Amino acid sequence: MKDIKIYIAAHKKFVVPKDDVYVPLHVGASGKESLGYQSDAEGDNISEKNSSYCELTGMYWMWKHAKADIIGLVHYRRYFFKKFFNKSVDNILSRRDIEELMEKYDIIVPLRGFTYKRGSVYDQYNYAHTISDLDLARDVIKEIYPEYMEAYNKVMNGSECVQYNMIITRKEIYDEYCEWLFNVLFKVEERETIKLEDRDAYNRRVYGFLSERLFNVWAYKNNQYKIHELPVYNVEADFKKEEIRAIVKKVFFIRNKRLYK
């Protein structure tokens with residue numbers, strides 16, 4: 001039986017799914033009262049950066065410390081679901097589901113989103129966030145990973161984007177992705193041009209926002225990996241809106257179309 005660990009990024013107590021693959025992970029735990037969960041502040045960590053890195057502080061801890069064969073990250077409010085229109089706990093991916101999917105695919109991610117209303121992925125970032133941050137990430141990629149520039153341009157000029165920083169994959173693939181991602185983000189941070197103190201709490205989450213787009217760049221370049229998309233529901237959000245969104249994605253855009261083939 002495969003060793004599978006799906007870590008659940010959380011900053012407060014919540015109801016943990018009963019399947020033994022799920023492990024709650026206290027993100028941003030540095031200096032905080034213990035929740036009784038695995039802390040992302042142990043060992044080699046970036047827990048103190050949580051306000052700007054968001055769930056990536058948990059992703060970093062997993063990269064450095066987790067030993068499972070198959071590893072994943074979800075959120076205390078968001079999980080991968082087997083079927084559409086069903087938010088019951090019975091519809092959350094189980095150990096058996098994960099084992100079966102990983103026999104066929106290399107990586108599991110959320111259903112892609114679309115930016116048609118705002119133009120390209122680049123245009124949407126410009127609308128929602130600070131575009132100079134994304135431009136800086138581009139400059140860093142051009143400097144340290146120039147072979148990724150074609151992928152960067154393709155993704156940013158397109159209208160498809162996987163988000164949420166949620167993933168399930170084999171540990172060796174996870175490590176490969178994290179090494180690339182954190183090399184880029186740390187280089188961006190080292191430039192010292194992003195002044196967090198001048199931003200409100202939402203816009204300080206810059207590295208989390210960047211990583212949602214950068215995963216797509218990495219995936220486009222590494223398209224030898226078979227990626228499978230699954231619905232993700234926010235169990236605390238209105239279901240009807242997400243149901244409509246899921247129908248649009250499933251029926252009109254995604255069916256029989258591989259992500260970044």
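The lining of the second largest cavity comprises seven nonpolar, two polar and one charged residues, where Ala, Val, Leu, Ile, Met, Phe, Trp, Tyr, Cys and Pro count as nonpolar, Asp, Glu, Lys and Arg as charged, and the others, Gly among them, as polar. The model is predicted, so local features need pLDDT of at least 70 and side-chain atom pairs count only at pLDDT 80 or more, while totals for chains, interfaces and linings use all residues. Residues are numbered from 1 along each chain as its sequence is written, and side-chain values use heavy atoms, with hydrogens and water left out.

Which residues line the second largest cavity? They are Met59, Val109, Val162, Gln163, Asn165, Met166, Ile167, Tyr177, Glu212 and Phe215. A cavity is a set of points, on a 1 Å grid over the protein atoms alone, where a 1.4 Å probe fits but cannot get out; a pocket is an open set with protein on both sides within 12 Å along at least five of seven lines; and lining residues have an atom within 4 Å of a point. The space in this cavity is about 80 Å³, a volume being the space filled by probe spheres set on the points, with grid points joined across faces, edges and corners. The structure holds two cavities of 30 Å³ or more.

The second largest pocket contains about 380 Å³ of space. Its lining has 18 residues, and Val15, Val16, Pro17, Val89 and Ile92 lie nearest the centre. Eleven of the lining residues are nonpolar, one is polar and six are charged.

Attention now turns to the helices. Two packed helices are described by the angle between their axes and the distance between the axes. Axes are lines fitted to C-alpha atoms, for helices over the stretch in contact, and angles run from 0 to 180 degrees between N-to-C directions. Helices (H or I, at least four residues) and strands (E, at least two) are DSSP runs, numbered from the N terminus.

Helix H7 (residues 171-190) packs against helix H8 (residues 206-221) at about 130 degrees, with axes 11 Å apart. This angle makes H7 oblique to H8, because angles under 35 degrees count as roughly parallel, over 145 as roughly antiparallel, 65 to 115 as roughly perpendicular and the rest as oblique. In this contact (heavy atoms within 4.5 Å), the residues of H7 include Tyr177 and Trp180, and those of H8 include Phe215 and Trp218. The residues of this contact are 13 nonpolar, one polar and two charged.

Helix H5 (residues 131-144) also packs with H8, at about 60 degrees and with axes 10 Å apart. H5 is therefore oblique to H8. Asp133, Leu134, Ala137 and Ile141 of H5 meet Val206, Leu210 and Leu214 of H8, giving six nonpolar, no polar and one charged residues.

H5 packs with helix H6 (residues 149-157) as well, at about 155 degrees with axes 9 Å apart, which makes the two roughly antiparallel.
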